Amino acid sequence: MPPLRWGVVSAGTTAHDFVCAVSTLPESDHKVVAVAAKGLDNVQKFAELHGIAAFHVGYEALARDHNVDIVYIGAVNTVHYELAIMMLDAGKHVLCDKLLCVNEGQSKALLDYAREKKLFCMEGMWSRFFPAYSHLRERIKKDDLGDIKEIKMELGFPISKVERIRMGHLGGGTVLDLGVYNIQLALWVFQKFPDEIVAEGKLNEENVDTEMNVKLRFPCGGVAHMKTSGVKQLSNEAIITGTEGKITLYDFWCPIELTDIDGTVRSYPLANSKIECILKNSVGLRYEAEECRKRIMTGELESPIMAHKDSLDVARVLDNIRKQIGIEYAEDFIFKPKRDSLK
């Protein structure tokens with residue numbers, strides 16, 4: 001089988017780290033063949049740094065590139081939908097950096113279109129593909145934790161001045177940028193949609209959320225307590241507690257270490273990339289890239305680890321939290337789900 005040929009949308013930090021991560025995979029399986037961005041200088045430098053043969057100014061040129069099988073979208077949240085549609089129209093599979101789209105309605109429209117085009121499309125919820133998550137899933141499947149009663153997790157950094165966080169028109173705020181990690185883990189552990197969502201948050205002068213506290217209650221009686229902050233450092237741990245014990249994930253959005261139910265600390269070292277990544281543990285993006293290859297090879301249109309339904313459920317919870325906190329985006333008035341977000 002020939003390698004999966006990747007095109008990359010954006011020449012920013014996330015795109016840089018994704019290409020670094022893919023470089024740790026066998027060249028016989030993966031090859032980054034093209035990159036696109038708006039500015040010539042940036043995209044040319046990006047291509048030269050990573051040894052990418054083709055670079056394009058503008059995303060339409062990447063869509064027309066016949067050497068590309070799948071596109072990784074690493075741009076800001078608010079353009080994910082239009083870029084993904086563009087690539088699907090051109091017959092490309094899509095891996096879109098989390099979060100998939102700004103709201104549930106937009107996410108559903110995109111995923112329905114991908115299925116209509118018979119192309120693979122996945123939200124890049126990279127956390128779920130780390131070996132530490134696989135270990136946790138196996139423990140839960142084997143009932144080693146007993147009945148899951150509680151998840152406590154918090155995720156926070158002093159990043160309130162970062163553009164993608166502070167600007168609402170870019171889909172900013174900690175709910176979408178950080179809260180998504182808490183939510184996806186809670187849904188992944190309980191494997192159900194919550195029947196109660198209680199949220200509160202703090203907004204800055206630009207009406208962008210800087211902190212949130214959320215409680216999710218699930219049909220089994222289990223509860224997830226989650227906290228995010230864009231103004232201060234938090235523990236960044238997730239503690240999953242059942243009737244038979246607990247497991248703690250450290251840096252739970254990209255964990256390479258956990259404390260197991262028996263107290264053993266388990267480590268999952270990452271490969272070394274040829275060029276250093278910028279963000280924490282970003283070499284772990286390799287796991288989602290390999291998942292895409294496996295599913296595309298077998299003709300599947302989605303991954304069971306981050307299925308289309310999973311993306312829609314995460315989006316539903318995000319929508320509900322934003323409604324309670326008082327955060328609206330222009331997309332909310334265009335792409336609307338056909339039911340109440342808790343039905």
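Predicted model: local features only at pLDDT ≥ 70, side-chain atom pairs only at ≥ 80, totals over all residues.
## Helix 8

Buried means under 20% relative accessible area, exposed means over 50%, and partly exposed lies in between, using a 1.4 Å probe and protein chains only. Helices (H or I, at least four residues) and strands (E, at least two) are DSSP runs, numbered from the N terminus. Now to helix 8.

Residues are numbered from 1 along each chain as its sequence is written, and side-chain values use heavy atoms, with hydrogens and water left out.

How far does helix 8 reach from its first C-alpha to its last? The span is 23 Å for 17 residues, close to the 24 Å expected at 1.5 Å a residue. The expected span is 1.5 Å times one less than the number of residues. Helix 8 also bends, by about 45° at valine 180. The bend is the angle between axes fitted to the seven residues ending at a residue and the seven starting there. Just after helix 8, glutamine 191 takes a positive phi of about 55°.

## Aromatic pairs

How many aromatic pairs does the structure hold? There are 7. Rings of Phe, Tyr and Trp (its six-membered ring) pair if their centres lie within 6.5 Å; planes under 30 degrees apart count as stacked, over 60 as edge-to-face and the rest as tilted.

One of the pairs is phenylalanine 157 with tryptophan 253. This pair is edge-to-face, at 5.3 Å centre to centre with 85° between the planes. Phenylalanine 157 lies in the loop between strand 7 (148-156) and helix 7 (163-166), and tryptophan 253 in the loop between strand 12 (245-250) and strand 13 (257-259), so the pair ties together parts 96 residues apart in sequence. Tryptophan 253 counts as buried, at 9% relative accessibility.

Phenylalanine 190 and phenylalanine 218 form a stacked pair, with 4.3 Å centre to centre and 20° between the planes. Phenylalanine 190 is in helix 8 (residues 174-190), while phenylalanine 218 is in the loop between strand 9 (209-217) and strand 10 (223-229). The two are 28 residues apart, and their pair links distant parts of the chain. Both phenylalanine 190 and phenylalanine 218 are buried. Elsewhere, Trp6, Phe18 and Tyr72 form one aromatic cluster.

## Charges over rings

A charge sits over a ring if NZ of Lys or CZ of Arg is within 6 Å of the ring centre and within 35 degrees of the ring normal. Arginine 137 lies over the face of tryptophan 188, at 4.3 Å from the ring centre. Arginine 316 lies over the face of phenylalanine 193, at 3.8 Å from the ring centre.

## Strand 11 and its partners

Two strands pair if DSSP finds at least two bridges between them. Strand 7 and strand 11 run antiparallel and are joined by 5 bridges. Here glutamate 150 stands opposite threonine 241 in strand 11. Strand 11 and strand 12 also run antiparallel, with 6 bridges. Isoleucine 239 stands opposite threonine 248 in strand 12. A hairpin of 2 residues joins strand 11 to strand 12.

Which residues form the covered face of strand 11 (residues 237-242)? They are Ala238, Ile240 and Gly242. The uncovered face has Glu237, Ile239 and Thr241.

## Backbone exceptions

Most residues other than glycine have a negative phi, and most peptide bonds are trans. Serine 10 has a positive phi, near 100°. Serine 10 sits in the loop between strand 1 (4-9) and helix 1 (13-22), and counts as buried at 11% relative accessibility. Aspartate 143 also has a positive phi, near 65°. Its place is the loop between helix 6 (131-141) and strand 7. At 48% relative accessibility, aspartate 143 counts as partly exposed.

Where is the cis peptide bond? It joins lysine 98 and leucine 99, with omega about -10°. Leucine 99 is in the loop between strand 5 (93-97) and helix 5 (104-116).
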